[in-house]
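Take a look at the protein shown here. We will go through it piece by piece, starting with one term.

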Amino acid sequence: MKIDRLLAMTVLLLNRGRVSAKELADRFEVSTKTIYRDMETLNQSGIPIVAYQGISGGFEIMEPYAMARQFLTLGEIEAIVAAVKGIHTAVDDRIFDTLLDKVKALLSRVDRLQMEQQGTGLVFDFNPWGQGPGARDKVNSLRQAIEHTRKVSFKYLNMNGMESERVVEPAALILKGYLWYVQAYCTLRSEFRVFRLSRIQELRVLEQTFVRKQAPSLEGYAWESDWSNTNMEEMTFLFHSKVRHRVGDSFDPGQVKRQEDGSLQVKGRFAEDEWLYSMLLSYGEHVRVEAPIHVAEEMVNRARKIMERYQKLDR
């Protein structure tokens, strides 16, 4: 629509300064004659467009003009820009380029200069270091499936390593910390479930469409105990001071108590599952399970099996 093109042109000129007629024509896929007519329309609507001739010529909005940003402060706009840039690191969609242009258009040139001089105070990046393009590809595929109401099939590994084939009707993507999840209606379980993207394998967007169902609200989404079949029980771990930085990453501060010798005691309710044992074993000799005794015995059993795998090494 013409009105959409005119708005997009205004935003572009506010952010970019001088832009040639050819560049505008290429970007909006119209002729240069249409661009000249659009510039005249913008002028008549009160937006002060100036045309410059020559090799470095083009169209530009006069210096004092800026779109009213209502009650937003410069700091608030900076926060919005940072958030949009952060989402764009994880989601490959041109809509965020357009949104970023519109938000920046709320700034005058003086504001933009001030932002550049102050530097970036807040950065969001939802792609963890070392992560390949696989996660982003899954996010983009699921976004397309949600938008076009297409069913999705995949193999799913649960927290205990059990694999199952699923066909789901995706409803929403959830970014929790640095991990992506998809909320979807599972045709195997006949209810809405939440799936962790890192455990999804062989994802395929199907041709089959579906009618959207009313999904549970995502407001205040939190872990539900019935998502896991494993009972929670009281446990106590003792960590060496050498790994205190990791303990802070793995446990809630309220569960951690510093001992006189510098070691860290962790007390809390945990599920005895594969994740727990994998996490504890990753600390090697720097952790000891104090309670319950059966968890300590299982740690010894697993450590013994690891040793057995290396007993026949060629020397």
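Buried means under 20% relative accessible area, exposed means over 50%, and partly exposed lies in between, all with a 1.4 Å probe and protein chains only. Alanine 145 has 0% relative accessibility, so it counts as buried.

A word on the source. This is a predicted model, in which local features need pLDDT of at least 70, side-chain atom pairs count only at pLDDT 80 or more, and totals for chains, interfaces and linings use all residues. Residues are numbered from 1 along each chain as its sequence is written, and side-chain values use heavy atoms, with hydrogens and water left out.

Now the overall layout. The chain has ten helices and eleven strands. Both are DSSP runs, numbered from the N terminus: helices are H or I with at least four residues, strands are E with at least two. Of the 315 residues, 35% count as buried. A contact means heavy atoms within 4.5 Å. Among the contacts with a separation of 6 or more, 60% are between residues 24 or more positions apart.

Alanine 145 sits in helix 7 (residues 134-147). What does alanine 145 touch, not counting residues up to four places away in sequence? The list is Arg150, Val152, Pro170 and Val205. Valine 205 is 60 residues apart from alanine 145 along the chain, yet their C-alpha atoms are separated by 6.4 Å.

Next comes threonine 149, in the loop between helix 7 and strand 3 (150-157). Its relative accessibility is 18%, so threonine 149 counts as buried. Threonine 149 has a positive phi of about 45°, although it is not a glycine. Leaving out residues up to four places away in sequence, threonine 149 touches Gln208, Thr209, Phe210 and Arg212.

Glutamate 29 also has a positive phi, near 55°, and is a residue other than glycine. Is glutamate 29 buried or exposed? Glutamate 29 is exposed, with a relative accessible area of 74%. It is found in the loop between helix 2 and helix 3.

The axes of helix 2 (residues 21-28) and helix 3 (residues 32-44) come within 9 Å and cross at roughly 105°. Axes are lines fitted to C-alpha atoms, for helices over the stretch in contact, and angles run from 0 to 180 degrees between N-to-C directions. Helix 2 and helix 3 are therefore roughly perpendicular, a label for angles of 65 to 115 degrees. Ala21, Lys22, Leu24 and Ala25 in helix 2 meet Thr32, Ile35, Tyr36 and Met39 in helix 3.

Helix 1 (residues 2-16) meets helix 3 as well. Their axes come within 11 Å and cross at roughly 80°. That makes helix 1 roughly perpendicular to helix 3. Residues of helix 1 in this contact include Leu6, Met9 and Leu13, while those of helix 3 include Ile35, Met39 and Leu42.

Move on to helix 9 (residues 274-281). Leu276, Tyr277, Met279 and Leu280 are buried there. Seen down the axis, the buried residues of helix 9 fall within an arc of 160°, so they line one face of the helix. The arc is that of the directions from the helix axis to the C-beta atoms. These buried residues pack against strand 8 (232-239), strand 10 (264-271), strand 11 (287-291) and helix 10 (293-309).

Finish in the loop between strand 11 and helix 10, where proline 292 is placed. The peptide bond from alanine 291 to proline 292 is cis, with omega near 0°.

Conventions. Parallel < 35°, antiparallel > 145°, perpendicular 65-115°, else oblique.
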